[in-house]
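Please look over the structure below.

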2 protein chains.
Amino acid sequence: MKFGGTSMAGTERIRRVAGIVRRQQEAGHEVAVVVSAMSGETDRLVNFCREANALYDPAEYDVVVASGEQVTSGLLALTLQSIGAKARSWLGWQLPIRTDDAHAKARIESIDTDEILASMARGEIAVIPGFQGLTADNRITTLGRGGSDTSAVAVAAALKADRCDIYTDVDGVYTTDPRIVAKARKLKNVTYEEMLELASVGSKVLQTRSVSLAMKEKVRVQVLSSFIDENAPVADTLPGTMIVSDEELEGLDMERQLITGIAADKNDAKVILTAVPDRPGAVSSIFGPLAEANINVDMIIQNVGRADTDTDVTFTVPAADLDRTVAVLEENRETIGYQKLSTDPKVAKISVVGVGMRSHAGVAAMMFKALADRGINIQAISTSEIKVSVLIDSDETELAVRLLHTAYGLDG
Amino acid sequence: MKFGGTSMAGTERIRRVAGIVRRQQEAGHEVAVVVSAMSGETDRLVNFCREANALYDPAEYDVVVASGEQVTSGLLALTLQSIGAKARSWLGWQLPIRTDDAHAKARIESIDTDEILASMARGEIAVIPGFQGLTADNRITTLGRGGSDTSAVAVAAALKADRCDIYTDVDGVYTTDPRIVAKARKLKNVTYEEMLELASVGSKVLQTRSVSLAMKEKVRVQVLSSFIDENAPVADTLPGTMIVSDEELEGLDMERQLITGIAADKNDAKVILTAVPDRPGAVSSIFGPLAEANINVDMIIQNVGRADTDTDVTFTVPAADLDRTVAVLEENRETIGYQKLSTDPKVAKISVVGVGMRSHAGVAAMMFKALADRGINIQAISTSEIKVSVLIDSDETELAVRLLHTAYGLDG
């Protein structure tokens with residue numbers, strides 16, 4: 001079971017969580033719980049780090065920000081004890097959860113489970129802080145924002161859990177953000193691939209990495225709300241959304257929609273390099289240094305520039321990396337040879353996702369037509385096997401999502 | 001160097017601390033820094049634990065409350081790096097700082113220094129969270145409130161440091177609380193024993209345990225303010241108070257005052273048992289059960305009672321333990337056989353302290369006379385080799401301190 005920051009925000013809410021956990025144990029399950037920091041706490045700690053050192057050492061950043069989950073782990077163990085359950089916390093370095101040494105965005109390599117399995121066999125609920133791990137040289141790492149989902153899936157895989165229930169502030173995965181489209185419907189099931197695409201384009205239910213890991217490790221993940229009635233009967237099938245394999249889904253859901261969901265993401269920023277010399281190596285002179293700086297470039301378009309000998313290159317990066325992107329590009333200005341660098345953070349990426357589109361043509365065309373009919377300008381396009389994304393002006397985000405939700409017949 | 005919670009309260013103040021630390025390094029010192037949590041943070045975390053579970057498991061309590069110092073350690077390392085110093089944090093479990101398993105009030109057993117000494121030899125400033133340690137079975141401990149002073153002295157001893165500088169929100173040890181007596185003078189030097197007596201009677205500059213440890217390990221401790229001008233010249237002798245051995249003090253300060261300082265402590269409460277049968281074992285029937293309940297009894301007076309066959313017994317306990325004391329005495333009423341139990345939390349213990357009184361008679365007499373001259377009633381007396389304490393009505397605390405400060409010639 002994994003509980004996010006909203007569910008852990010304060011001792012009152014932690015008491016609810018303890019009730020939910022306790023009832024699962026009483027229903028006969030052995031339970032390990034992965035917890036996030038109280039909502040707002042990680043932001044507070046990250047801000048401290050930024051104030052302390054704008055170019056912070058990620059190893060020390062990890063020491064600071066990992067503390068948020070340490071606090072909630074101890075508090076949940078205490079609260080479980082207060083309602084009569086046996087429980088103890090297992091910090092990342094205690095298990096340990098081994099990671100590589102890429103501080104602030106570490107990857108889990110292995111989790112030792114001997115001690116924790118013995119503890120669970122004694123009837124103790126194991127409480128594990130999400131987001132954190134330990135390097136080979138004994139230093140704290142964190143997995144990057146939202147990393148607690150990945151921790152939960154990794155723990156579920158290591159423990160060979162029957163299910164990984166991710167409790168969050170929504171009660172499942174929807175066809176789109178219900179705050180934008182009132183008619184959005186909750187999905188009973190969604191495939192790993194669909195969830196991956198949805199997660200990667202702004203449906204913030206689960207962190208992308210956690211879904212990849214679940215797919216790789218074949219962990220059955222359920223998304224459900226922690227704001228359910230804590231006294232409701234515990235059924236094996238809870239009313240959330242199950243994330244399953246393609247094969248399992250086919251058995252479950254014969255009449256699949258063409259499109260499963262529509263997602264919007266305002267966290268990218270657009271970068272435009274004007275008049276880049278059109279010569280071999282030009283592109284790699286741009287994206288090589290960005291890759292070295294660990295900046296993920298997403299949509300890329302190359303236009304013909306004003307002169308025949310140069311081109312304009314437009315691409316998107318996470319808005320959070322925009323300052324660093326500009327710094328890297330300015331550092332490499334001579335090598336790249338561009339004339340002008342401009343940026344636009346006011347963009348949104350709208351994506352339609354569905355395994356159904358594998359067997360149906362015309363999904364992208366329907367999207368472009370629906371947007372064009374309402375005069376929404378498409379600034380860039382990218383596609384995958386089960387997703388079509390377009391970049392638009394962020395002011396048009398909600399309008400685009402609503403009209404696509406209707407166009408693909410998703411309105412409930 | 002050790003910095004307390006007020007000095008670490010927020011990134012602005014941590015920046016000041018980093019400046020002070022950096023200048024010590026630039027002056028040629030190898031530096032390890034022990035830090036407290038931001039002021040208020042430990043209280044916040046303790047409250048969370050109490051809300052989660054009134055009878056909290058101290059092992060999980062430690063997981064929660066140790067996080068405050070983890071945060072400030074990372075932040076100070078980051079801030080030092082931001083001003084060009086090499087620095088890294090060493091958490092209690094990383095060094096490790098080995099303690100016993102008395103969670104929430106653990107005692108330090110040993111500190112491994114191999115790695116940290118190697119790091120310091122490479123020019124890195126070591127930043128160590130105070131207050132925390134690690135049990136033999138790999139769980140976090142904390143040392144009890146104010147434990148960071150003890151951590152600092154223990155680290156200084158383990159590193160064989162030339163000096164342990166404890167930066168606090170006062171700039172040294174004074175003849176008495178300057179908030180009470182405007183003419184209080186800062187002491188250049190004070191002996192371990194004097195500091196112990198002052199610490200135990202309410203001069204809250206250092207935790208008592210840290211002073212005992214410093215005396216045992218012969219660590220030269222200096223108390224000084226972190227609110228000094230961070231650009232002031234770094235001299236080997238900073239303008240704080242040095243805590244040294246008796247022998248060292250004699251060399252430093254030939255013309256010692258008779259009395260070093262006057263302290264007031266309002267944290268005790270008085271308990272009166274009326275008409276206790278005057279028979280063998282009566283006293284042990286009172287204080288045995290209190291000792292078992294871990295309640296520290298301080299001043300004890302036995303008066304002749306109303307009848308020849310009984311006595312009144314008066315004593316003091318920490319005010320925080322008063323409710324428990326009453327409960328224990330009521331439980332044992334029959335065995336003790338007292339007629340009436342009354343309590344008075346409105347008392348203050350006033351102490352005059354000084355190694356000078358070893359070689360001078362009349363110190364106590366001067367105290368009693370000075371108080372009597374102003375009509376202050378003495379309710380109890382206790383003495384040690386270098387201290388005389390009296391219990392008075394707490395309303396008279398400030399008056400008593402002021403007139404004793406003058407009587408012993410301490411006014412600056």
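## Burial and a buried alanine

A residue counts as buried when its relative accessible area is under 20%, as exposed when over 50%, and as partly exposed in between. The model discussed here is predicted. Ala275(B) has a relative accessibility of 12%, so Ala275(B) is buried. Ala275(B) belongs to strand S14 of chain B, which covers residues 268–277. Its backbone deserves a look: phi of Ala275(B) is near 60°, a positive value in a residue that is not glycine. Most residues other than glycine have a negative phi.

Ser67(B) is also in the buried class, because its relative accessibility is 3%. Ser67(B) sits in helix H4 of chain B, residues 67–82. From Ser67(B) to Gly123(B) the chain runs 56 residues, and their C-alpha atoms are 27 Å apart.

## Other backbone features

Ala104(A) lies in the loop between S4 and strand S5 (108–111) of chain A. Phi of Ala104(A) is positive, near 75°.

Two peptide bonds are cis. Leu95(A) to Pro96(A) has omega near -15°. Pro96(A) falls in the loop from strand S3 (87–89) to strand S4 (97–99) of chain A. In chain B, the bond between Leu95(B) and Pro96(B) is cis, with omega about -15°. Pro96(B) falls in the loop between strand S3 (87–89) and strand S4 (97–99) of chain B.

Helix H10 of chain A spans residues 282–292. Its buried residues are Ala282(A), Ser285(A), Ile286(A), Phe287(A), Pro289(A) and Leu290(A). Just after H10(A) comes Asn294(A), with a positive phi of about 65°.

An unreviewed UniProt entry lists "domain: ACT" for residues 271–346 and 352–412 of chain A. The span 352–412 of chain A is 36% helix and 23% strand.

## Salt bridges

Side chains of opposite charge can pair when their charged atoms come close. The whole structure holds 43 salt bridges over all chains. One of them joins Arg220(B) and Glu248(B), with N and O 2.8 Å apart. Arg220(B) is in the loop between helix H8 (208–217) and strand S11 (221–225) of chain B, and Glu248(B) is in helix H9 (residues 246–252), so the pair ties together parts 28 residues apart in sequence. Arg220(B) is partly exposed, with a relative accessible area of 31%. Glu248(B) is partly exposed too, at 26%.

Asp268(B) pairs with Lys349(B), and their closest N and O atoms are 4.0 Å apart. Asp268(B) lies in strand S14 and Lys349(B) in strand S18 (residues 347–353) of chain B, so this bridge ties together parts 81 residues apart in sequence. Are the two partners buried or exposed? Asp268(B) is buried, at 9% relative accessibility. Lys349(B) is buried, with a relative accessible area of 4%.

## A further bridge and a network

Asp393(B) and Lys346(B) form a salt bridge, at 2.9 Å from N to O. The two residues are 47 apart and link distant parts of the chain. Asp393(B) is in strand S20 (residues 387–393) of chain B. Lys346(B) is in the loop between strand S17 (340–344) and S18 of chain B. Asp393(B) counts as partly exposed, at 25% relative accessibility. Lys346(B) also counts as partly exposed, at 37%.

A network of salt bridges links Glu41(A), Arg44(A), Glu41(B) and Arg44(B).

## A negative surface patch

Which residues form the negative surface patch? From chain A come Asp101(A), Glu109(A) and Asp137(A). From chain B come Asp112(B), Asp114(B) and Glu115(B).

Glu115(B) lies in helix H5 of chain B, residues 114–121. Glu115(B) is partly exposed, with a relative accessible area of 49%.

Methods
Residues numbered from 1 in each chain as written. Chains lettered and ligands numbered in written order. Predicted model: local features only at pLDDT ≥ 70, side-chain atom pairs only at ≥ 80, totals over all residues. Heavy atoms only, no water. Patch = residues over 30% accessible without salt bridge, like charges linked within 9 Å, V, L, I, M, F, W, Y side chains within 5 Å. Areas by Shrake-Rupley, 256 points an atom, 1.4 Å probe, with all protein chains shown as cover. Salt bridge = Lys/Arg side-chain N within 4 Å of Asp/Glu carboxyl O. Lys, Arg positive; Asp, Glu negative; His and termini not counted. Charge placed at Lys NZ, Arg CZ, Asp CG, Glu CD. Helix = DSSP H or I, 4+ residues; strand = E, 2+ residues; numbered from the N terminus. Buried < 20%, exposed > 50% of the residue type's maximum accessible area, 1.4 Å probe, protein only. UniProt positions renumbered as here; feature names shortened; annotations may be inferred.
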